[in-house]
Amino acid sequence: MNGSVQGKKVVVGLSGGIAAYKTLTLIRLLVKNGAEVKCVCTPSALEFVTPLALETLSGYPLYSDLFSSRNESKTAHVGYADWADLMVVAPASANTIAKFAHGIADNALTTLFNAFDKTVVLAPAMNTRMYKHPATQSNLDMLRQWGVKVVAPASGALACGAQGEGRMPEPETLLAYTEWVCRHLPESSPLGKPQESSYYTGRKVLLTAGPTVEPIDPVRYLSNHSSGLMGCCLADELSLRGAEVYYVTGPARVRPHFAPYRLIPVQTAGEMYEAAVSLWPDMDAAILSAAVADYAPAVVSGQKIKKDSDLLCLELKKTQDILARLGNEKRKGQLLVGFALETENELENAESKLKRKNADLIVLNSLRNPGAGFAVATNQVTFVDRKGRVESLALKTKEEVASDILDYLPSLAES
Ligand code: CTP
């Protein structure tokens with residue numbers, strides 16, 4: 001869906017980083033899609049892009065000097081905060097992130113951030129080691145807890161010559177994220193305040209996603225068609241609602257827009273089981289959207305299996321059931337959601353799964369419904385819950401289904 005930035009007033013904040021050149025295209029794209037853009041930058045950002053470029057693309061004077069007589073008013077930072085609907089900080093350097101997290105207001109951008117009480121989208125861009133440094137990570141955690149939407153940096157070649165996580169996503173991707181935020185956030189969702197309206201704010205939610213991959217030998221594996229899209233939509237929706245997302249994912253084709261609170265990549269059902277079981281005691285809820293292999297090779301061959309015989313038998317062993325184990329260890333106050341993909345006797349199977357595995361909600365999708373299931377962007381689901389309710393939803397996008405699941409779940413919380 002396009003056009004969600006149409007008519008929105010966006011402050012684009014730039015800090016010092018080579019990725020600032022990409023922000024010029026982002027500004028162009030925002031304006032082209034109907035947003036009104038004003039730019040604010042740190043002194044270091046101007047080492048990478050010129051005021052003329054920013055002013056020409058946005059059509060507004062640049063705000064970069066707190067004390068300049070060129071500013072529209074003496075309190076431009078407050079004026080910008082009043083004017084804007086949201087702020088996009090791209091690139092966000094380690095230094096600016098640290099200042100944001102600690103309330104330091106020593107330049108136009110950091111001062112504006114302090115005066116800003118609406119939605120902020122932040123795109124970190126830096127060297128991998130700087131990004132992974134505990135100082136940067138704990139600063140980002142703090143910002144996330146306040147409601148700042150932190151965009152996951154991309155991996156690839158960095159300006160310093162290294163490879164790794166820390167690249168600013170491409171302008172088209174940042175535009176898509178900004179549109180996504182505009183579509184999903186209600187008008188009044190100020191920074192630090194979504195907590196009031198959301199059941200999820202500050203809650204720890206374990207989310208499993210994607211397929212698992214079970215090695216047969218060093219070359220081959222068993223897996224399934226799961227794209228991981230349902231899990232991504234849930235992760236993003238949870239992040240937007242203020243949850244701390246513990247995202248345990250198999251090798252999925254897609255990634256969430258917003259960096260989950262913790263990203264735990266796994267390959268096999270066994271690894272997913274270990275990760276989920278160790279996190280569970282500390283969680284408020286778990287949503288198990290992963291398509292976990294039910295069986296894995298009993299023995300993994302150390303060498304590539306040769307095609308010596310006409311018939312090859314693979315012995316498979318049942319994997320451990322994550323949903324059943326979490327259900328078994330569920331304590332009062334925890335909510336547990338499982339998915340069920342059925343091809344026959346859908347409702348009976350889902351009801352039995354709910355009871356056997358001590359879940360609170362089963363999200364049932366039948367492969368018989370067109371538009372539902374794997375590798376498609378839509379899903380048609382039925383909620384089967386602990387209280388005996390059965391609710392069938394219309395065919396919707398996976399984004400919408402994620403939102404419906406999260407709207408529904410608090411009704412199962414014990415009051
Ligand atoms: N699941 C799990 N651990 C496994 C297999 C599946 O936690 N080893 C979870 C999935 O993430 C999903 C739910 O169980 O939330 C249902 O998966 P599905 O494959 O439909 O059901 P099964 O567990 O195979 O059902 P059954 O026990 O009836 O065969």
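1. UniProt, in an unreviewed entry, lists Cys160 as "active site"; UniProt positions are given in the numbering used here, feature names are shortened, and annotations may be inferred rather than shown by experiment. The structure is a predicted model, in which local features need pLDDT of at least 70 and side-chain atom pairs count only at pLDDT 80 or more, whereas totals for chains, interfaces and linings use all residues. Residues are numbered from 1 along each chain as its sequence is written, and side-chain values use heavy atoms, with hydrogens and water left out. Cysteine 160 sits in the loop between β6 (154-157) and β7 (163-167), where helices (H or I, at least four residues) and strands (E, at least two) are DSSP runs numbered from the N terminus. Cysteine 160 counts as exposed because its relative accessibility is 52%; the classes are buried under 20% relative accessible area, exposed over 50%, and partly exposed in between (1.4 Å probe, protein chains only).

2. Cysteines and disulfides. A search of the whole structure returns 0 disulfides, a disulfide being a pair of cysteine sulfur atoms within 2.5 Å. For cysteine 41, the closest cysteine sulfur belongs to cysteine 39 at 7.7 Å, which is too far for a bond, and cysteine 41 is buried with a relative accessible area of 0%. Cysteine 182 also has its closest cysteine sulfur in cysteine 39, here at 16 Å and again too far for a bond; cysteine 182 is buried as well, at 13% relative accessible area.

3. The ligand site. There are 16 residues around the ligand, of which Leu288, Ala290, Leu323, Phe339 and Lys353 come nearest, a residue being near a molecule or strand if one of its heavy atoms lies within 4 Å of it. As for polar contacts (pairs of N or O atoms within 3.5 Å; within protein, one must be able to donate a hydrogen and the other to accept it, and residues adjacent in sequence count only if both atoms are side-chain atoms), a ligand nitrogen lies 2.9 Å from a polar backbone atom of glutamine 320. A ligand oxygen is 3.3 Å from a polar backbone atom of leucine 341, and an oxygen of the ligand is 3.0 Å from an N or O atom in the side chain of lysine 357. Of the 590 Å² of accessible area that the ligand has on its own, the protein covers 78%.

4. Helix α10. This helix (residues 229-240) has 12 residues that should span 16 Å at 1.5 Å a residue, and the 17 Å between its end C-alpha atoms agrees with that; the expected span is 1.5 Å times one less than the number of residues. Because 11 of its 12 residues are buried, α10 is largely enclosed by the rest of the structure; among these buried residues are Met230, Cys232, Cys233, Asp236 and Glu237.

5. Two asparagines. Asparagine 224 lies in the loop between β10 (221-222) and α10 and is partly exposed, at 26% relative accessible area. A polar atom of the asparagine 224 side chain lies 3.0 Å from the backbone nitrogen of serine 226, and a polar atom of that side chain lies 3.0 Å from the backbone oxygen of alanine 291. Asparagine 139, found in helix α7 (residues 134-145), counts as buried at 7% relative accessibility, and its side chain makes a polar contact of 2.9 Å with that of histidine 102.

Notes. Areas by Shrake-Rupley, 256 points an atom, 1.4 Å probe, with all protein chains shown as cover.
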